[in-house]
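This report is meant to be read beside the sequence and the model. Please keep both in view while going through the sections.

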Amino acid sequence: MLTIIKSGLTTQWTDSGRKGRQLSGYSQSGAIDWFSFQLANALCGNALHSPALEVMAGNIEFSVSIACAVAITGAHTDISINKQNIKNGKVFLLKKNDHVKLGPATKGLFTYIAFSAAFELPVFANSVCAVKREKTGGMQGDGKPIIDGEEFVLINAAQIDDKATRYFGKGGAQTSFTPLIKAFIASQFYTQKKLPFSFCYQQAAFSKVDKQRFIAHEFEITQYIDKMGVRLAGPPIHCELTNLISQPMANGAIQIPGSGLPIIMRNDRQTIGGYPVIGTVNSQGLALLAQATSSQKITFVATDFDTANIWRQLIDLQLKQVLNTTKLRLYA
Amino acid sequence: MFELEKDQGYQYMHNAVPLDEYSHVERVSEVSIIIRVNEKSRTCAKRPALSLQARNARVKRCLALIKAKSPKWLIDHVVSYDSLLLVYDAQDIRYDIVLRFLLSTLAELKEPEKKKSHAKKTEKEIGHVHQIDVCYELNNKSQPSDMSAVEEYTNLTSRDIVSLHQSIQYQVFAIGFMPNFAYLGELSPLLRMPRLAHPRLAVPAGAVAIAGQQTAVYPSISPGGWHIIGYTAFSFSDDATVAMGPEDKVIFKAIDQHEYDRQLKQAEK
């Protein structure tokens, strides 16, 4: 049994998102910071897309009724196990009825908590995700987040090797990440972020001057930031198209409404949109943006899809390496 | 890969690969591509321009051809008026292989579509006609209306706007943006206006709105940039099944506030 004693602002189960339902208008959903989500699973030795908790802005307390491994990644918070402080980005061994407490997020926005155990969770469109706006998914099927005191029934827990405990010191298991992963984690918490994106969609309907302005100037993240999208403030970008036929929205699409202020579409976005799109933030940029908070500054860096894909493949491989190392260490 | 120039008739694209004279494939993210059917022929200026209806039919035909082969890498897809988004699993397949698949699968787009005999059309293909009752009079704090802005922009009276909005049997061009949100077209040319420069953060459920050549009903509360002209008590199915199919038609009928309140009460029961 997993008991969420205090659920904070918004805590939800998440995974890599829904599949096959966007045709009927259901959003893709899934972990906003896909990187931290997969890293948490890798550190626990889980399949990379296993359900994990997504905590917005921290402030959560929970306890588990079994011994299992837990990994906490993403947004920085004070973390304590039975009042003993521990560090983010590591895996720990929980004893039966250990009490884990996360303080408010001090850096970043989304924290991910993965367990080496599976819980009974309802599934909507091949996913455990809940979308509040749609009133779909979640424990009651109404898209609502986890409430204080909610309990989750254990299905099974991975058997941890007795010898594995020696890897767990007071500060959690020793993990050595590759330079690429280390550098990427650090860059997620810079207050000025560079988001790689590619010009596409209606990019030809923007003048050269406007495109240059788009990549040369800094944008500020406004207070309108949620899982659907992020609204930016900065120099208005002009588009000559006004009556565009609504088109499907890819994850990361940068819409430019009449006001000229960009909106970056995220996992819980609408499937179709009618504002011109200047380009798409690629998956690296989306994971960077996931840990951005309002009033932080971002700039867009133009790249192409093939380059973006090479980075993604490298990261995917290295996450798999983390997973394989954990599996060898933790499990018999 | 090559890029087409503006003067070849493709105004708004990048990284595009032609499928036939009207359609092309464009890459829109690391994991997705869009197939777009254009109005004008790319190769010959004398070829007829395609209506939105014809383009929508071509998009649906593309989807049928792709689905017939049920490719394993296809995770998700979205249909809109003149475009089709395909989301693939980048860990499973590379972009160039997806492209090669599409070029061979959609090769028959170049051949003229075989005429179907009308007798053979099933009921599903013909589609159902939904009547949606709309109260165009509401304007209060919880149910804002843009009717006066529409009047100003179009130089029409609200009565004209209401009758123009009802004058057409609309076709469902796409379902998306949110569950059960059906894009209906095409709106009378007299009512076409650009979206709000500052989209609303919350459009109430049941709002009937217009933008560009389209109209729609918001099935539940949502951010939105369309101009609200009325409200309906029409209830969309609230479970996972979608009330409207892509082949369905919609007609609007004006009702007064008294009737709207009555229908709303009935719907709440």
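## Basis of the model

This is a predicted model, in which local features need pLDDT of at least 70 and side-chain atom pairs count only at pLDDT 80 or more, while totals for chains, interfaces and linings use all residues. Residues are numbered from 1 along each chain as its sequence is written, chains are lettered from A and ligands numbered from 1 in the order in which they are written, and side-chain values use heavy atoms, with hydrogens and water left out.

A:C129 is in no disulfide, and the nearest cysteine sulfur, that of A:C44, is 18 Å away. A:C129 is also buried, with a relative accessible area of 1%; here buried means under 20% relative accessible area, exposed over 50%, and partly exposed in between, with a 1.4 Å probe and protein chains only.

In chain B, the sulfur of B:C62 has its closest cysteine sulfur in A:C200, 20 Å away, which is too far for a bond. B:C62 likewise counts as buried, at 1% relative accessibility.

## Helix contacts in chain A

Helices (H or I, at least four residues) and strands (E, at least two) are DSSP runs, numbered from the N terminus. Helix α1 (residues 34–44) of chain A packs against helix α5 (residues 305–330) of chain A at an angle of about 25°, with their axes 7 Å apart; axes are lines fitted to C-alpha atoms, for helices over the stretch in contact, and angles run from 0 to 180 degrees between N-to-C directions. That angle makes α1(A) roughly parallel to α5(A), given that angles under 35 degrees count as roughly parallel, over 145 as roughly antiparallel, 65 to 115 as roughly perpendicular and the rest as oblique.

In α4(A), 7 of its 8 residues are buried, including A:A287 and A:L288.

## A strand with two partners

Strand β4 (residues 58–64) of chain A has 6 of its 7 residues buried, so it is largely enclosed by the rest of the structure. Strand β1 (residues 2–6) of chain A is joined to β4(A) by 4 bridges, and the two run antiparallel; strands pair if DSSP finds at least two bridges between them. Within that pairing, A:K6 stands opposite A:E61. With strand β9 (residues 99–104) of chain A, β4(A) pairs in the antiparallel sense over 5 bridges, and A:G58 stands opposite A:P104.

## Two buried residues

A:G45 lies in the loop between α1 and β3 (52–56) of chain A and counts as buried at 13% relative accessibility. Not counting residues up to four places away in sequence, A:G45 touches A:L323, A:T326, A:K327 and A:Y331.

B:R55 has its place in helix α1 (residues 52–68) of chain B and, at 9% relative accessibility, counts as buried. Leaving aside neighbours within four places in sequence, the contacts of B:R55 include A:I245 as well as B:E39, B:Y81 and B:D82.

Definitions and conventions
Disulfide = S-S within 2.5 Å. Contact = heavy atoms within 4.5 Å.
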